[in-house]
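This report describes a ligand site and the pocket around it.

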Amino acid sequence: MSSPGLRWTRLSAHLQQALDGADGPLCTYVYDLESLRRHARAIVGSLPSGFELFYAIKANSDLPILQTLAPLVHGFEISSGGELAWVRGHFADIPLIFSGPGKTDTELARALEGGVEALHVESRHELERLAWLARARNCTVPVLLRVNPAIDGLQPTTLMMGGRPTPFGIAGDQLPACLDWLRAHPEIRLRGFHFHLMSHQLDAAAHLRLLDAYLEQTRRWRAQYGLDTLDHINVGGGIGVNYREPEAQFDWPAFAGGLAALSARRDGLTVRFECGRYVTAFCGYYATEVIDVKHAFDRWFVVASGGTHHFRTPHAQGHSHPFRVLPADAWRYPFARPQVSDARVNVVGQLCTPKDVLAQDAPIERVRAGDLLVFPYAGAYAWHISHHDFLRHPHPQHRYLPTEDAHAAVE
Ligand SMILES: Cc1ncc(COP(=O)(O)O)c(C=O)c1O
């Protein structure tokens, strides 16, 4: 399968056209839907039988993204009533699983009514509320218990959701009490366990070891507690994108090969992934026109028309985001262009805070006011995690390069 490549030629041609038509500084997200389709098809196609991929829509829930993915993935993972309403408003039948902390009674009730195929329960209290709602509706609820077990030799990443004290899931020592409680509550049907211990996993071998530990843990619990209704485990998402060293991405082909070997240890259970970042990050770009180039003390600053209120990813993850300069020869003014060559620059945005930084100490050959900076890997946890209305600057455009069988770009 192909690695998640970036299609710069198609993108640059689109952006040059957009620049020519712009009547002010250009600032836009561009999503390459054909690249998304190829990448998702390759990932899903590489899974051995018994493994499934759900897409965690929190990473990017734009409709064209979901429409591209819906025919390819096994379903969507949602984490709020808002996501449930959004998906069900557009996709009546797609399989849905519902995770996330702090679900309200209204969200749980809507999930029961909205045909969610498994609810991932985060605590004993959530179980009790769910059972109470189920009794009132005279229905049985399929659930997975989200667990936060201690795992020997767990190799941490930069963002851990479990394997240590976190607000997520049911700590391993509280599981026996929950399982006892379930025995007395047939309105809840236990389908399996849900593990999501980390994000930003870049090491395929470490992730395979982790999945093996989940399967081993599940085998022990099944034997110890006589659990005979389980049909799957959910191993979460968490496959990372290497923003710091883009050439060294997660080795998906090696991972898929390892899954085939792991398959013998599934004990008949389906293994389900719910990945977000790794599915959509590669198809998205944030492109922003340079407004100014300045020097202060010993530092060059490139001021972009946008910032972290549009593209919070580098600030959220604490990295300097890679970017390319797309030269734009047209120049609007009758005076000289601020510019810098062969230098290291900080790329900042329009917010009145020194924290509005997209890239730091980045080497460039040349950058001029009016050029376009293009940040790749901006298709996941980018626009959707940003604080859009801080300072009430205009929102960026959102452009979608169509899949190759579509007729026109949706803009
Ligand atoms: C429960 C759960 N599942 C899946 C995901 C998706 O993770 P990722 O985008 O890292 O694959 C998240 C993200 O936070 C999550 O909290």
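## Ligand site

The ligand is surrounded by 15 residues (a heavy atom within 4 Å), and the closest are G238, E274, G276, R277 and Y381. The model is predicted, so local features need pLDDT of at least 70, side-chain atom pairs count only at pLDDT 80 or more, and totals for chains, interfaces and linings use all residues. Residues are numbered from 1 along each chain as its sequence is written, and side-chain values use heavy atoms, with hydrogens and water left out.

| Residue | Protein atom | Distance to ligand oxygen |
|---|---|---|
| G276 | polar backbone atom | 2.9 Å |
| R277 | backbone N or O atom | 2.8 Å |
| Y381 | polar side-chain atom | 2.6 Å |

Taken alone, the ligand exposes 390 Å², of which the protein buries 91% (Shrake-Rupley method, 1.4 Å probe). The shell around the ligand comprises 4 nonpolar, 6 polar and 5 charged residues; Ala, Val, Leu, Ile, Met, Phe, Trp, Tyr, Cys and Pro count as nonpolar, Asp, Glu, Lys and Arg as charged, and the others, Gly among them, as polar.

The ligand sits in the largest pocket (more than half of its atoms lie within 2 Å of the grid points). A pocket is an open set of points on a 1 Å grid over the protein atoms alone, where a 1.4 Å probe fits, with protein on both sides within 12 Å along at least five of seven lines; lining residues have an atom within 4 Å of a point. The volume of the largest pocket is about 440 Å³ (the space filled by probe spheres set on the points). Its lining has 26 residues, with K58, M161, H196, S199 and Y381 closest to the centre. By class, the lining of the largest pocket has 9 nonpolar, 11 polar and 6 charged residues.

Note on methods
A polar contact is a pair of N or O atoms within 3.5 Å; within protein, one must be able to donate a hydrogen and the other to accept it, and residues adjacent in sequence count only if both atoms are side-chain atoms.
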